[in-house]
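Reader: I'm new to this one and would like a quick tour. Can we go through it in questions and answers?

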Amino acid sequence: MTEDEPVNDAELLAIGAFAARARLSPKALRLYDRRGLLPPAHVDGPSGYRHYRASQAERARLVAQLRQLDMPLALIAEVVALPGPEAAGALSAYWAGVEERLAGQRALADYLRGRLSGRSSDMYGKFTVETTESPEQFVITESRHILADHLPTFIPESLGRLERAAEEHCGGIAGVPFMAYHAEVSQESDGPAESCVPVAGPVAARAWAEGYGRGVRARAEPATRLAFTRITKAQVAYPQIGPAFEAVEEWIAREGLEVAGPCREIYFTNWPATAPDEPACDIAFPVRERTVQG
């Protein structure tokens, strides 16, 4: 009902009666009104009393049910404004994100239970660490000082920009994209983090980088030996990714090696098409034989 439609008092319910019909509290209805989710059919000017149509109960229950999924009110406003099939698609996308987050939190909880019970070494054993030889590559990169909360946005956006540049200006993509962390990235430490995409045309890449601007480079990445462990898509999110890094570091120390460069996240799969429980990323450290102090 719009403001221009006539109001038939016989069709309206006071907020208390409507709340009982919708199985909601008046407080919730007032909140939904303020957020634009469920405006009353009529508000009495002098008193400010809200009145609703009985037919609005279905929308009220839908809003309440979406809230039971912990969906933010701003997103609920978008969902309920969509046609049915599109609203269902938006709900599916939201719930896929919830399941991915829960899968990652489950992995982190398992690790923390092991740590708190004094079984950290057993927990590290859940990660299989191997070594591989990484060949020399030429990469275009984008660096930024960034906190962990912003990585989920920065990583896909920066790698997307670099991959487009590689295809259009740098002779094509010549390897698997990766992130290099030159210092700690957490809620308190801002790196920097460096997005890297191997390219086939070094000369063209240098020219492109020089004209792009601040934060972008084209450089040679030397051949190196990598110690790595493979993790699922769900385990990539912060902070549940931490145990994987710790497991590789513990393995490096145990094997008498030392870290020889920035640690990496290597994305070897089609990220959007990968399920939360499928392998998606290698956590890797460049390593060398430990230097013996004379």
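Reader: Let's start inside: are Phe245 and Phe285 buried or exposed?

Author: Keep in mind that this is a predicted model. Under 20% relative accessible area is the cut-off for buried. Phe245 and Phe285 both come out as buried.

Reader: Which kind of aromatic pair do the rings of Phe245 and Phe285 make?

Author: Phe245 belongs to helix H9 (residues 242-254) and Phe285 to strand S12 (residues 279-289), so their pair ties together parts 40 residues apart in sequence. The ring centres are 6.0 Å apart. Planes over 60 degrees apart count as edge-to-face. Here the planes are at 80°, so the pair is edge-to-face.

Reader: And what is the angle between the planes of Trp208 and Tyr212?

Author: These two sit four residues apart in helix H8 (residues 202-212), which means about one helical turn separates them. Trp208 is buried at 13% relative accessible area, while Tyr212 is partly exposed at 43%. Their rings form a tilted pair, 4.9 Å centre to centre, and the angle between the planes is 45°.

Reader: Over at the strands, what is the bridge partner of His42 in S3?

Author: Strand S2 (residues 42-43) pairs with S3 in the antiparallel sense, over two bridges. The two form a hairpin with six residues between them, and Gly48 in the turn has a positive phi of about 80°. Within S3, His42 has as its bridge partner His51.

Reader: Which residue in S3 stands opposite Leu13?

Author: Strand S1 (residues 12-14) runs antiparallel to S3 (residues 50-53), and three bridges join them. Opposite Leu13 stands Tyr52.

Definitions and conventions. Residues numbered from 1 in each chain as written. Predicted model: local features only at pLDDT ≥ 70, side-chain atom pairs only at ≥ 80, totals over all residues. Heavy atoms only, no water. Pairing = 2+ DSSP bridges. Phe/Tyr/Trp six-rings, centres within 6.5 Å; stacked < 30°, edge-to-face > 60°. Buried < 20%, exposed > 50% of the residue type's maximum accessible area, 1.4 Å probe, protein only.
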